[in-house]
Amino acid sequence: MTSDTLLSLRHLSKTFNGVRVLTDATLELQAGEIHGLVGQNGSGKSTLIKCLSGYHSPDPGWELRAGGTFVTRALHPGDPARLGISFVHQDLGVIGDMTVLENLLLNRFAKDRSPYIGWRKERREAKELLSSFDLDLDPRAKLGSLRPVEQAQVAIIRALMQFRASSSDARRTSGVLVLDEATTFLDQAGRESLHTLLRSVAAAGSAVLFVSHDIAEILGLADRVTVLRDGLVVETAASADLTHDDVIGLIVGGDRKVRLDDLRSDVPVQADSGVELPLLDRDRPRHALTMLEVVGLDGPHIRQVSFKAARGEILGITGIVGSGWEFILEHLYGAAPAWDGRLHLGEQTFEIEAMKPKRALELGMVMVPSERLIQGIIPELTLEENVMLPVLDRAFYRGRLRRKEMRLRCEEVLRLHAVSPPEPGRPIGTLSGGNQQKAVLGKWLQLRPAVVLLNEPTQGVDVGARQLIFGLIREAANQGAIVLYASGDWAEVSRVSDRVVVVADGRLAETLAGDDVTPDRIAAASYRGTRRSADMAKGSEMWSGVRQ
Amino acid sequence: MSDNREERGNHTVLSARRGRYGESFLRRFGVVIVWAVVVIVFSAAKPHTFPTSSNFSTLFASQAPLGILGLALVIPLSAGDYDLSVASILNFSSMLIAVLNTQHGVPVLAAALLGIVFGAVVGLANGLICVLADIDPFIVTLGVGTFVDGLTLWISKSAPISGVSQNLVNGVVIDRFLGLSLEFWYLIILAVVVWYFFDFTPSGRRVLIVGRGREVARLSGLRVKRIRVLSFVASGVLSGLAGVVYVGTSGSADPSAGTALLLPAFAAVFLGATTIAVGRFNPWGTLVAVYFLTTGINGLAQIGVSTFVQQLFYGGALVIAVLLSSLVGRPSLRKAKAAGQVTQPAAVPPGDPPSGTRPSTGITT
């Protein structure tokens, strides 16, 4: 550790429910350096950041040296500030209704015991600070009236002010600034002016840890780059020594050949109960559809996306986070309004912009949403109340809900979907994430749907449960459902899917099939499709729409 | 390997839960037990006046309007919406009946029907304003309630009105069944209806789902807006009905008396959520809470405590009920958050930002 090292992190591991997501990570940040951190979704990037910010407690044994302090315990929320580490997250944490000055002073309001605010003095100091970074912003302007890039600049300046406020030596102006995908929503011009700001921050003696999905951006900005893969730091190198393709190779892992047979099992998965999965009630006629086709889907985040999927097929939908693939299934299901587009289901045609969840369900479509705890389940209600919601009407006859039958039926669904424990009366929130998700799958698959839409179905799910979930999905497809599987985890998408649609910058970049369904090909298509050019200007309006 | 660990983990959780199931009798019937203790204490203190059949029959019957008002609240609260206009509707409904019957010669049955219809209309207005304009029900129903209070003063010219048809009074308090005034039985019948609705109909389940998870409900194809509006209408109808019983109890209507029932009704519903069906706004718990609270006040009045004790009792009970609920807490949820299973939305714009004033019992079952 040299005298210029502002932050040194060693032996950082993190385990969730027995699953290790970060293994013995090491990171060193020098004064004056901009350090890029890259890795695909699930590589451990955000876990690393959240350990630094005190949101997660690392596994014992880690060592952190920063701000002249040596720490081995988990950080508390106030600690990073005292260690001279400031964060700017994707959502920036700014308040649109307040002025620039009020936003800059937010942290002070939270801590300061002084009963009086000298507005004139604060305004002068803020103005000086802003202009020292060549920022021409009026401290009295409402933040919401500023352009996205200016809002990001305010967030960064506020983070810098924290170094000063939190330090024991009152004039500390340098520290570690962590930008967690804070440029995702900016256009090219915005990104460049932000880069200028970050370079002068680094030149003033701070270190910048810059997290982004955009490899070109990282290589253009950072002095050094650290690549995470599967929770391991696989490389830290000067960015001058790396090419774009090198980084993609490191992110995806060159040795990872896709083993299609791994999970594409026609072998039935055994559930805990010993029941073969999933013998869903075959007595009820299912919706039969041979083909689903989406034509010209337009929305706030996507442009003219078209694709087809056939009966019995699992179609993966993926791309870089923020490229728009996240919204496609919500549009099809009517959960988020689309602007335009047509959906062909067999012989019938529907306007996607007029779709509603209720209508989608009537057409035999179901969706497993991405935000399980908000959209998927009601944690404090029981498994039965959650799982049996779509079939309540069937359980109501001769004047009342047949609760005993519902309970038995629910238990059956839980067993068929390997939910452990299969106790209908238990609050669903007491189950592990994997079991919650299996219950959500059971809730929808019991309808024997014609189209199954899965939005990041393995988020927050441990490895063991993932296997079962893949088995359930494959089984649904084998029984004749059309399955659309949207996920940002390329390894997983390529394992599960028969074909993959890759979205970049809101447009369809490529459709991969057969032996081309590999994480490498997906990565190549995703990053190749990301061209920051003139039509990003249009894109930036589109993203600024998201911010509001 | 990790499957095994997962298994073991689940079993520990399981046994811990079993332990809690064992305690659940106390949790479920805690308020009932406290109620029994209160009865015993006052019986010992005032053996000649408190534990008498006339005292109890008065006590049970006289609180029917409050009980019905509590049942009215159970519905929108279950759907996740506050309704602060219930007591105002009760008050207007009773005044409307008195005015129409005594000053305009409208038959009392027709007047009563109009009172109930008025409740439905106000409930509809509440619901439509909240849902269509997407405004916080707390503030909407507060405003609508105050507006209705103004109407009450207007039609009554701010004076109490007495002399309502004896037929109504007979049907509410004079006629008895099993020694108790009919109004008590009306309350029981309505409680059965509300209980049946929530426990034995798909619609009742849907109301509960809408109240606990709007997004889950929407994505499960429920008509969230319609359900919310209809639960306001149901609450208005029951409040109007409570007004009928209220005016029938005394044969007269007072332009301000009824609104004082708002806080006791809330206290009863929230306290009721800590008992019988723990963690849910439920009709039987509400009735138990109504009678627990009024027994306490009745007893205190008998041992000679001043009337301000009513306010102390209702206010204190409401705060303590809510406090108790949140102390029981949601351990399972907290654990899930600590384990990092609560994922932060990345680029997903919030569809329905959670309302800051969504009513919650704060208890897990």
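**Note on the chain A sheet and a chain B helix pair**

1. In strand β8(A), A:Val211 is the bridge partner of A:Leu37. The model is a predicted one, in which local features need pLDDT of at least 70, side-chain atom pairs count only at pLDDT 80 or more, and totals for chains, interfaces and linings use all residues. Residues are numbered from 1 along each chain as its sequence is written, while chains are lettered from A and ligands numbered from 1 in the order in which they are written.

2. Strands β3 (residues 34-38) and β8 (residues 207-211) of chain A run parallel and are joined by 4 bridges; strands are DSSP runs of E with at least two residues, helices runs of H or I with at least four, numbered from the N terminus, and two strands pair if DSSP finds at least two bridges between them.

3. Chain A has an open sheet of 6 strands with mixed pairing, in the order β6-β7-β8-β3-β9-β10. Because β6 (85-88) and β10 (232-238) of chain A stand at the edges with a single partner strand each, one side of each is left without a neighbour in the sheet.

4. In chain B, the axes of helix α8 (residues 182-200) and helix α9 (residues 202-212) come within 5 Å and cross at roughly 80°, axes being lines fitted to C-alpha atoms, for helices over the stretch in contact, with angles from 0 to 180 degrees between N-to-C directions. That makes α8(B) roughly perpendicular to α9(B), a label covering 65 to 115 degrees, where under 35 is roughly parallel, over 145 roughly antiparallel and the rest oblique.
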